[in-house]
Amino acid sequence: MSSTFPEHGTGHTVEDIQRIQAHAKVAPGEIAIGVIIGRTSEHFDFFVFGISCVLVFPSLLFPFASPLNGMLYAFTIFSLAFIARPLGTTLFMSFQRRWSRGIKLTIALFLLGSATAGMAFLPGYKVIGDWSIGLLVLFRILQGIALGGSWDGLPSLLALNTPPQKRGWYAMLGQLSAPIGFMVAGALFLFLHSNLNQEDFIDWGWRYPFFVAFAINVVALFARLRLVVTEEYTVAMEERELEPIGIVELLRTQGYNIFIGAFAALASYALFHLVTIFPLSWIVLGSTQSVNAVLVAEIIGAVACILGMIVSGLLADRIGRRTTLGLMAALIAIFALITPWLLGGGTLGQDAFIILGFGGLGLSYGQSAGSVTSNFEMRLRYAGAALTTDFAWLIGAAFAPLVALGLSTRFGLVAVSAYLLSGVVCTLLALRVNRALAARE
């Protein structure tokens, strides 16, 4: 005979409690798929914009400037989304507290898709003058706000539901969205650029990837909602106390953990845009290769990135995620030292920079997410992981193309080496501080 008395005054029978606990066991593989689908759409949106900063916006929006200055202006707008991202996290956390996680995610992804699709209708400078630049700035800021709001807690839940001996592997799975998103974006631009003349490409061809972005975001939305609004996911989040905490409280009590986490991954995030966006701008300005050849090399590099991520997952489960991150930072330092020789070494050297850089990115970025978020108390991890990621992108990646292109054209490619090495130093120091704090506790 089944027991029907209330458990702890909740009104649930013992069988109810057992059923809920059984539902709370969300499979790590299912969470990982949700993370990959969701993040792929976001990375696609941002890579489409980044590639356009080199191939489209300088001539479309800044015809009054030199090609170099046009790219620098475009890269300045590129950084705005990363500045707005923490603001989006703060705003949408309040939405979630007031309504629900599903409503927050729906608003955020429709805003992200709409802002990206809005860019597809952007008139050029010759049509509406400065208004075209102003509209791009607005859309880019909205992209950043929406991206901050799209945090669904899946990476945190994945980290807490994986077997201890497989945490590096599952952490890597969530990061695969970056090279996948780049491959899709790069392949679209390669197809359009190789099949259209320059006039048609600048007039209307470049707009198609921005239209595609909206469709991809809709697919990603339903794929994520299918998981996020389920009873299993909701109960699992509640059991883990993964709830949106007020950002002011979080910064006041855990600000040091947020910044340690952001700086711990700085080398990886600095490398991120230096091998995806910057080489395209440098090579296009130098006219040492065709645009199509560079895009092909970068697509091959994205494959190398995926392979590097797989290796990082296997390695991290053997020696630990933080140790892996430190070793990869040292590897990035070596790569930084040979950067001038590779980028300045003609076609072969430039292709080697791209492919080796992507491979190194896979090894480091594969373990960069949440490497020190275990420092947070359980109830703070949901919001803490979101803000840590926001500041890692802001400090490490937001200004990388702008700084690298600006400094390299003025002081030479050695400036790119110095920029990367500064990220390596920050990563190693942050990991050292984190280890010291853990030993003290």
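Me: Helix α10 gives three residues, the largest share, to the lining of the second largest cavity. What makes this space a cavity?

Reply: This is a predicted model, where local features need pLDDT of at least 70, side-chain atom pairs count only at pLDDT 80 or more, and totals for chains, interfaces and linings use all residues. Residues are numbered from 1 along each chain as its sequence is written, and side-chain values use heavy atoms, leaving out hydrogens and water. On a 1 Å grid over the protein atoms alone, a cavity is a set of points where a 1.4 Å probe fits but cannot get out, and lining residues have an atom within 4 Å of a point. The structure holds four cavities of 30 Å³ or more.

Me: Which residues line the second largest cavity, and of what class are they?

Reply: The lining consists of F47, A178, P179, F182, F272, T276, C305, F358 and L361. Eight are nonpolar, one is polar and none is charged. Nonpolar covers Ala, Val, Leu, Ile, Met, Phe, Trp, Tyr, Cys and Pro; charged covers Asp, Glu, Lys and Arg; the others, Gly among them, are polar. At least two residues each come from α10, α15 and α19 (346-365).

Me: Why is F201 called buried?

Reply: F201 has 0% relative accessibility, so F201 counts as buried. F201 sits in α11 (residues 198-203).

Me: What makes P401 buried?

Reply: The relative accessibility of P401 is 0%, and P401 therefore counts as buried. P401 belongs to α21 (residues 400-411). F78 is 323 residues away in sequence but 8.8 Å away in space, C-alpha to C-alpha.

Me: Why are α5 and α12 called roughly antiparallel?

Reply: Angles run from 0 to 180 degrees between N-to-C directions, with axes fitted to C-alpha atoms, for helices over the stretch in contact. Under 35 degrees is roughly parallel, over 145 roughly antiparallel, 65 to 115 roughly perpendicular, and the rest oblique. Helix α5 (residues 101-120) and α12 (residues 208-228) pack at about 170°, their axes 8 Å apart, so the pair is roughly antiparallel. Their contact has 15 nonpolar, six polar and two charged residues.

Me: What separates a pocket from a cavity?

Reply: A pocket is an open set with protein on both sides within 12 Å along at least five of seven lines. The second largest pocket holds about 220 Å³ of space. Its lining has 16 residues, with V54, L55, P58, S59 and M71 nearest the centre. Helix α4 gives the most, three residues.

Definitions and conventions. Helices (H or I, at least four residues) and strands (E, at least two) are DSSP runs, numbered from the N terminus. Grid points are joined across faces, edges and corners, and a volume is the space filled by probe spheres set on the points. Buried means under 20% relative accessible area, exposed over 50%, partly exposed in between (1.4 Å probe, protein chains only).
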